[in-house]
Structure formats: C-alpha cells, structure tokens
Amino acid sequence: MKKVLSMETKKLISDDGIRYDGRKLDQLRPVKFQLGILQNADGSAYIELGRTKILAAVYGPREIHPKHLALSDRCLIRSRYHMAPFSVEERKSPAPSRREIELSKVIREALEPAIFAELYPRTMLDIYIEVLQADGSTRCAGINAASLALADAGIPMLDLVSSIAVGKVEGQLVLDVMDKEDKEGEADMPVAMLPSKDMVTLLQMDGSLTHEEFIKSLELAKKGCADIYAMQKAALEEHFKVSTNNSEEA
Amino acid sequence: MARVIPVVKRRQIAELAETGQRMDGRSLTDYREITIKTGVIEKANGSATCNLGKTQVLAGVKYEIGDPFPDTPNDGVLSVSAEFVPIASPDFEPGPPNENAIELARVVDRGLRESKILDTSKLCLVPGKKVWIAWVDIYILDHGGNLIDAAALAALSALLTSTMPKAVVEGDEIKILDEKQPVPLRDRPVTVTLAKIGDKLFVDPTLEEEEVMDCRLSVNFTEDGKICAMQKGEAGSMTFDEITRAVETAKVKSQWLRKYVPPLVKTDG
C-alpha cells in the first residue's frame, strides 16, 4: 500500500507509450491458466499473470461445520486469500494480516453473485486462494483462478467472474498493474465482473483519479475483463476436452 | 450475517423508493442529521464524535514515537484501527476485530492515506530510526447504519483538530516537551456511501436499509474533487451505469458534507 519513490531514473512509461516491462498501455501480461491440478480439492485452478502465480482450490458444497453457521435457504460461502511467506521480497509472516482478511472478504463478495448458492441449502463452500508469488494484481488473479476452480468443481454459476486492475502511471491509464506500477504509480483500481451480464462485483480504488479518468478506467477494465474472460473460457474448453478424451481411453 | 433477510421489508423499501421516498422521510440523496463534536476526550491528542442519525462513532488520535517502516525510513506513520465494541449493537461480540471491523478500518485508512492528508515526510525525528506515529482509533458506539461515512467523518475531524507534542533530539535521546505543535495536514477527504437496493441507490443507508441492500459503494473525494479511494462492499453487483450514477451523486454530496468538517489549518513548519 505504501507508495515508495524509486531512486532509479528509468521512466515507467517511455515517450512512445511502452511500459517498464515492454507492454503497451492496454496490454495484459502473459496469462496462463491450468485447471484441475490438485487431487483432493473438488475443483482447482492455477493462474500465472506475468510473475504473479496463484493456486485456487474449492471444497464443497460439503457438510457445514460448525452446524450453527448453516443457512436454511442457501449455501454458506467462505473464502480465504492467503500469501505464502516466500511470495514477496521480504518474508511475510504466515499469520493472516489485516490486508488478507479484507481481501478474503471482497474476493468472496466478488464471486458470490455468480454462484447459485440457493441450490445447496445448509451446506458450505470453501474457496481457498494461495498466492505463491506476488507481482501486483493478486486479488484479480485470485478471482480469475477461483472462478475457474468453481467451474472445475461443477458449481452451477451465472457466469465466470473475470477480474483485472487498471492503474494510473505517470499520468496515463494502464491495464493489468504489476507491483512496480502499483507502488510507484498514482492509482490502482481492481475490478471484477460477470462479463456477459453487466454485473460489476468488485470495485476498489486507491490513489488519485479525476472523474473523467475514472470513467475511462472503467471502460479499460471492461476491455481487460473481456480479454481475461476469453482466456478463461479457452482454458475451460481445453481442460474438459482433455478430460473427455481420457475417459474415452479408460 | 446470520440474520434472516426480511423479504417483506425489502419490498416495502423498494416500493417506496419508486416514488423517491424512504422509510424515515428522506429523499434518496439526503443524509440524516449530522452532528460533529471535537475535543471530547482531553487525554487524546485529537478526538471527535460523529452522530449520523442513530449512528454514533468516536475517534481518537494519539501521536507516539516509534519505528518507521523499513521501506519508508524517513516518513512518519499513519495507522487506523476500528473496534466494534459490544455496547454498539446486539450483533457485536467482544474479541479481536472481525472482517467487518477490519474492512471499515482499512477503508477509512485508505481514504485518509490516499488523500495524503498527513505530510508524513515532516514526521521524521531520527532518519531511519525514530518517527512520529499517528494512531487513529475508531470506536463504534451505536450502530445505526453507514458506519463508513460516520467513522470517516469522526476520524477526519479528530485529525483536523489534533495537536502533537513537540520533541527534540539530543544525541541518542528524544525528549518530549510540554509544548504543542501543529500537525502537518494538507487535505479534507470525505467519504460518501450509497447502498444499492434493486435498481435504486440510497445515500447514507440506515441499518434497516443495509440489512436488505444488495451492496454498497463508498467513494472518497479530496477537497479538489478528485476520487482518492473507492470500495464496493457486500455480495451484490452493480451495473456500469449504476456505478457512474453513484460516483456522480457521491461527488455532489461530498462537497455538501464537507461543511460539517472542521477547517484545515495550514502549517508551514
């Protein structure tokens, strides 16, 4: 959260609009999705968003414990966002920080509108997000992976949830904020949405944006989410195509 | 959270909103009555209560000398915490802050921090070793809805009216003097929260409205009208159009809300 001014002189955006890592302003980092990579979880997914690496796992719907948490009309959804001690420059204590507790809450709230929780009353669904390496936009990457893990677990959903962060760096709006841009830039705005439904389920911002910049940021986020959505769908298709082939062989 | 959603009440609130009205007689864009009192706790370096309808929040500021963060060795520290003490609601339990208290504290923290209200570069005593820490503690006294705006107003008012002790560095020792000095403050950020119920947006939701809302959006503005922080909360969704409308309404209300806030005393020190 701390904005640290770097002593380096290299600009974050060059005069011809190329970013620190060689990307264009509205370009995502390389994205890699993998589904079903954990054996015990009911659903799982892995995402790489540049150097951000995250595993998501879903357990449930399963018997609720403790029982008094049970909701008579729907499934209780819980989520836990957690960073591995080695995921950042300086070792992070594995105990949940205030930041992780808040992110767990907003991530759950970003995913919940997509889930048909009313189909599973008196049960619970656990969504676990483990950040293995953090290089900015971890909540967005976590949501993208968790949404695929939910699909992998066969949870009925209204749509996938796609997420991306828009930032302001040296006065210009950029898509998919990496750690350096977040720390040294002027604003960071993570957004999550159900792309086919005009439903925004996560919206946070810190920094400084004029009203016009905010409207443009929303548009840029919409484009970024559409890009992510296409890749999520491709990953799903690829995964279930392979699964079908395997079952035919068996 | 385990409360059964009063379906009937939600319908009643939504139907009334169709004609632009609310259960307590306000329009959709009105705040409840606001009263801010400052200097209520003499032992704090700054304090304020904010009454917002039935909601009551107390905020206290304490300045202490402590260690800087390793990544900002020459800057003072601003730290915001919130306690949902059990006197404030039958739903609050004693114990460490839960996710709601943590979210509230972090939303208020971001609003203050991102506005750059506190010039932390002026709070350094011994570079890399000792700095001033501004502890802002939020105490919820009565939960009547919209804790975020009330807490942000109380915290801001406490900061704006706070003074800090003077300290001198003598060799390896830091002496705190009896003299006071002004706090290097630069802005007056204000937060406006809207609840979404159906397709209507409600400024300054009551507890009753919050219990049936889909979600809320809090927008924080600096005095020059720029957005410096935002938070969508609760498990609902908003359309792009609703978000734009909410931010526009919030901007207008933020300017109005600021008239309740103590003035900013500029320091040149």
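This is a predicted model: local features need pLDDT of at least 70, side-chain atom pairs count only at pLDDT 80 or more; totals for chains, interfaces and linings use all residues.
Mentor: Two strands count as paired if DSSP finds at least two bridges between them.

Trainee: What makes β9 of chain A and β12(B) a pair?

Mentor: Strand β9 of chain A, residues 199–209, and β12(B) share four bridges. The cut-off is at least two bridges, so the two strands qualify as paired. Their sense is antiparallel.

Trainee: Which residue in β12(B) is the bridge partner of Met205(A)?

Mentor: Met230(B) is that partner.

Trainee: What makes the sheet an open one, and which strands stand at its edges?

Mentor: Eight strands follow the order β7(A)-β6(A)-β8(A)-β9(A)-β12(B)-β11(B)-β9(B)-β10(B), with antiparallel pairing. At the edges stand β7 (172–175) of chain A and β10 (200–203) of chain B; each has a single partner strand, so one side of each is left without a neighbour in the sheet. On average, neighbouring strands are turned by 20° against each other, direction ignored.

Trainee: Which helices lie against these strands?

Mentor: Helix α1 of chain A, residues 98–111, lies across β6, β8 and β9 of chain A together with β12 of chain B, and runs at about 140° to β9(A). Helix α3(B) packs on the sheet as well, touching β9 (190–197) and β11 (215–221) of chain B. The direction of α3(B) makes about 175° with that of β9(B).

Trainee: How many residues of chain B are in contact with chain A, and what gives the most to that side?

Mentor: Contact means C-beta atoms within 7 Å. By that criterion, 29 residues of chain B are in contact with 28 residues of chain A. β12(B) gives the most to this side of chain B, with seven residues. The residues on this side divide into 12 nonpolar, seven polar and 10 charged.

Trainee: Which residues touch the most other members of the largest nonpolar core?

Mentor: That core has 141 residues, and Ile138(B), Ala151(B), Ala154(B) and Ala155(B) touch the most other members. Its largest share, 12 residues, comes from helix α3 of chain B, residues 147–160.

Trainee: What does Ala155(B) touch?

Mentor: Leaving out residues up to four places away in sequence, Ala155(B) touches Ala59(B), Val80(B), Val108(B), Leu112(B), Val136(B) and Ile138(B).

Note on methods:
Residues are numbered from 1 along each chain as its sequence is written. Chains are lettered from A and ligands numbered from 1 in the order in which they are written. Two residues are in contact if their C-beta atoms, placed from the backbone, lie within 7 Å. Ala, Val, Leu, Ile, Met, Phe, Trp, Tyr, Cys and Pro count as nonpolar, Asp, Glu, Lys and Arg as charged, and the others, Gly among them, as polar. A nonpolar core is a set of buried Ala, Val, Leu, Ile, Met, Phe, Trp, Tyr and Cys residues joined through C-beta atoms within 7 Å. A residue is buried if 20 or more other C-beta atoms lie within 10 Å of its own, exposed if 12 or fewer, and partly exposed in between; C-beta atoms are placed from the backbone. Axes are lines fitted to C-alpha atoms, for helices over the stretch in contact, and angles run from 0 to 180 degrees between N-to-C directions.
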